[in-house]
Amino acid sequence: MGFDEVHKMDITGDGVDETVGVRRNEDGSVEYHVDIDGDGTADMKAVDTDGDGVIDHVLLDNDGDGKYDAAVVDADGDGEMDAVAEK
């Protein structure tokens, strides 16, 4: 699956640019796939479910195995992440 856009930007704040693939879905949602460690596989996927520019949940691959093992969610829709679930 390809991306609609690919950007280089410092997502982690460490001064090193990460690769961010952007996918705009037919339902209006937008996914941001972020390769933090530069191995070509996304370590984080941030999702804006309604396309309003606010991230609604983030999936994280904390152990680098290519599978998401934690989720951070804006449960009340206020734009602030407030719930964490780990697998």
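These are my notebook entries on a predicted model of one protein chain.

**Ground rules.** I number residues from 1 along each chain as its sequence is written, and I use heavy atoms for side-chain values, leaving out hydrogens and water.

**Strands.** I looked up the secondary structure and found zero helices and seven strands (DSSP runs, numbered from the N terminus: H or I of at least four residues for helices, E of at least two for strands). Along the sequence I read the pattern β-β-β-β-β-β-β.

**Overall size.** I noted a C-alpha trace spanning about 35 × 30 × 25 Å along its principal axes.

**Burial.** I found that 30% of the 87 residues count as buried (under 20% relative accessible area, with a 1.4 Å probe and protein chains only).

**Core.** I then asked which residues form the largest nonpolar core (buried Ala, Val, Leu, Ile, Met, Phe, Trp, Tyr and Cys residues joined through side-chain atoms within 4.5 Å). I listed eight: Val20, Val22, Val30, Val34, Met44, Ala46, Val58 and Val72. Strand 2 (18-24), strand 3 (30-35) and strand 4 (44-48) each supply at least two residues of this core.

**Val22.** Leaving aside residues up to four places away in sequence, I found that Val22 touches Phe3, Asp4, Glu5, His7, Val30, Glu31 and Tyr32 (contact means heavy atoms within 4.5 Å).

**Contacts along the chain.** Among contacts between residues at least 6 apart in sequence, I noted that 7% join residues at least 24 apart.

Terms used
Predicted model: local features only at pLDDT ≥ 70, side-chain atom pairs only at ≥ 80, totals over all residues. Buried < 20%, exposed > 50% of the residue type's maximum accessible area, 1.4 Å probe, protein only.
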